[in-house]
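Let's take a walk through a structure together, one piece at a time. Keep the picture open beside the text and look for each part as it comes up.

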Amino acid sequence: MKDILKINESVKPKFPKHVRFRHNKARDEWVVLAPERLVKLDPVAVEILKLVDGKVSVGEISADLSKKFNAPKEVIMKDVIEMLQELSDKGFIEE
Amino acid sequence: MKSDELKSGSKQLKTASEHGIQAPLALLAELSHRCPLQCPYCSNPVQLEKKTGELTTDEWKSVIDQAVDMGMHQIHLSGGEPTVRHDLEDIVEHCTVKGLYTNLITSGVLLNPDRLKKLEKLGLEHVQLSFQDTDNENADRIGGYKGGHAKKLEVAKWVREVELPLTCNCVVHRQNIDNLENFIQMALDLDAERVEIAQVQYYGWALKNRAAFIPTPEQLDHATEIVEKARIDLKGKLVIDYVIPDYYAKHPKNCMGGWGRRFLNMNPKGEVLPCHAAETIPHLKFDNVREKSLKWIWENSEAFNLYRGTDWMPDPCKSCDRKEIDWGGCRCQAMALTGDAKNTDPACSISPLHKEIFAMAAEEARRAPPEFIYRRYGVRFNSPI
């Protein structure tokens, strides 16, 4: 049985096997797909999820985005943690 | 048939795009109506399609291509029992090559480890396995298939062995609702990602057996309490989807997210339906992918446009401020219980028929359940109990 995941700086998030982060060509949009679920994403969420691969940590994702968007890492990390926690609570992200 | 429905063909119905409706999100593909189980609450139409009329492999592949080109995200391979088709592997492979999220909805009893392994290799992404009860004997009695439950438990293990994600589909009603906690525990024991606790919905074959299935309001309240507690306790561990019997709801369900708004359903012979029960509405004429493109059908098919939006609604729906929330509820249920698909779904507390139907169902729930009327169809895979 899986334990509840608490997202923090050192967690290396990944998508569970039944969850797909996929680009829909015809619609030209990124979505998260799970059985009978479809999560539409805002552009920030898409940028975060593009970095999720099970190898890099939340801290590293935040640092990467902080450079890319020229914003303080702490501010970015707050958003990253919040979004990943929300997805994790719904079963769309695991470690 | 009502006279206004007769005329509807000549009326200029608004199309999908005129309603501001985009491409559908998912396709429910009923590959075959054949099924070894005989569940008395089967959601397939009362008139089933024979094997000879089923779409061919190439026809399904063309449908899949069209679905992807339209921008659909998901496909649910369902039935009947989809694994009766020997070309299931070809269909799965085509879906995944094209990038559809591919889900198999199965009773499991015809599967073996090799076939599951193959399906996983070909890209199948998820399996939904149906369970009739957690009690062996009662499960087999409900499904009308001896040894079925034991086989399903084995199949669930095979699913996890090839690391395919699993949802346990549990249909609950008053003859198994007392095992609700066991259903949730079973899902945990089987290492499922998700469990669907769905109360029987009463149309098609299930309506014939309503008196055998409808729970009492007390049973339902108790079940809801259990689910709500489990949802908190198991947050982040197990996803629990819960569907109550809408007879006991205040508002009707937002059926299919609104008629012809989000999903489409294809039956084994290629007819395109707004929902899997739509064939119970006798005046609907369905277009077929053998004659028209899927895109044309979604946009123009009369069966879709007849109940799209809100223009078709009579009162009390027309003047209701929830009309674009629940879209009048379920058209098939309105048809089955009131004789007119345009009427407000009697599951709605505002429906003039709600009280009468609710009282009838509650009365049925208090009486001893009658014998099941089983549905028997297709090949005899083993002897009925």
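We need it because the model here is a predicted one. Over residues 378–385 of chain B the pLDDT stays under 50, and the model has 13 contacts beyond four places in sequence for this stretch. For chain B taken as a whole, the mean pLDDT is 90, with 94% of its residues at 70 or more. Residues 1–10 of chain B also have a pLDDT below 50, and this stretch has six contacts in the model beyond near neighbours in sequence. Chain A has a mean pLDDT of 91, and 97% of its residues reach 70 or more. The scores for the model are ipTM 0.88 and pTM 0.90.

Now find the strands of chain A. Strand β1 (residues 20–24) of chain A runs antiparallel to strand β2 (residues 29–34) of chain A, and five bridges join the two. You can pick out some of the partners yourself: Arg22(A) is bridged to Val31(A) in β2(A), and Asn24(A) has Glu29(A) as its bridge partner. How many residues lie between β1(A) and β2(A) in their hairpin? There are four, and Asp28(A) in the turn has a positive phi of about 50°.

Follow the chain onward and β2(A) pairs with β3(A), again in the antiparallel sense, over four bridges. Here Ala34(A) stands opposite Arg37(A) in β3(A). This hairpin has two residues between its strands, and Glu36(A) takes a positive phi near 55°.

The helices of chain A come next. Helix α2 (residues 58–69) of chain A packs against α3(A) with the axes 9 Å apart and an angle of about 130° between them. Because of that angle, α2(A) is oblique to α3(A). The crossing of these two helices is right-handed. On the α2(A) side, the residues that meet α3(A) include Val58(A), Ile61(A) and Leu65(A), while those on the α3(A) side include Ile76(A), Val80(A) and Leu84(A). By class, the residues of this contact are nine nonpolar, three polar and one charged.

For a parallel pair, look at strand β1 (residues 26–30) of chain B and strand β8 (residues 263–266) of chain B, which share four bridges. In this pair, Leu28(B) has Asn265(B) in β8(B) as its bridge partner.

The axes of helix α2 (residues 57–70) of chain B and helix α3 (residues 88–97) of chain B come within 10 Å and cross at roughly 20°. That angle is why α2(B) counts as roughly parallel to α3(B). This crossing is right-handed. Thr57(B), Trp60(B), Lys61(B) and Ile64(B) of α2(B) meet Asp90(B), Ile91(B), His94(B) and Cys95(B) of α3(B). The contact has four nonpolar, two polar and two charged residues.

Finally, see where the two chains touch. Chain A gives 19 residues to the contact and chain B gives 23. On the side of chain A, the elements that give two or more residues are β1, β2 and α3 (73–89) of chain A. The largest share, three residues, comes from β1(A). By class, this side of chain A has nine nonpolar, four polar and six charged residues.

Key
Residues are numbered from 1 along each chain as its sequence is written. Chains are lettered from A and ligands numbered from 1 in the order in which they are written. This is a predicted model: local features need pLDDT of at least 70, side-chain atom pairs count only at pLDDT 80 or more; totals for chains, interfaces and linings use all residues. Axes are lines fitted to C-alpha atoms, for helices over the stretch in contact, and angles run from 0 to 180 degrees between N-to-C directions. Angles under 35 degrees count as roughly parallel, over 145 as roughly antiparallel, 65 to 115 as roughly perpendicular and the rest as oblique. A crossing is left-handed if the near helix is turned anticlockwise from the far one by less than a right angle, and right-handed if clockwise. Two residues are in contact if their C-beta atoms, placed from the backbone, lie within 7 Å. Ala, Val, Leu, Ile, Met, Phe, Trp, Tyr, Cys and Pro count as nonpolar, Asp, Glu, Lys and Arg as charged, and the others, Gly among them, as polar. Two strands pair if DSSP finds at least two bridges between them. pLDDT is the predictor's confidence in each residue, from 0 to 100.
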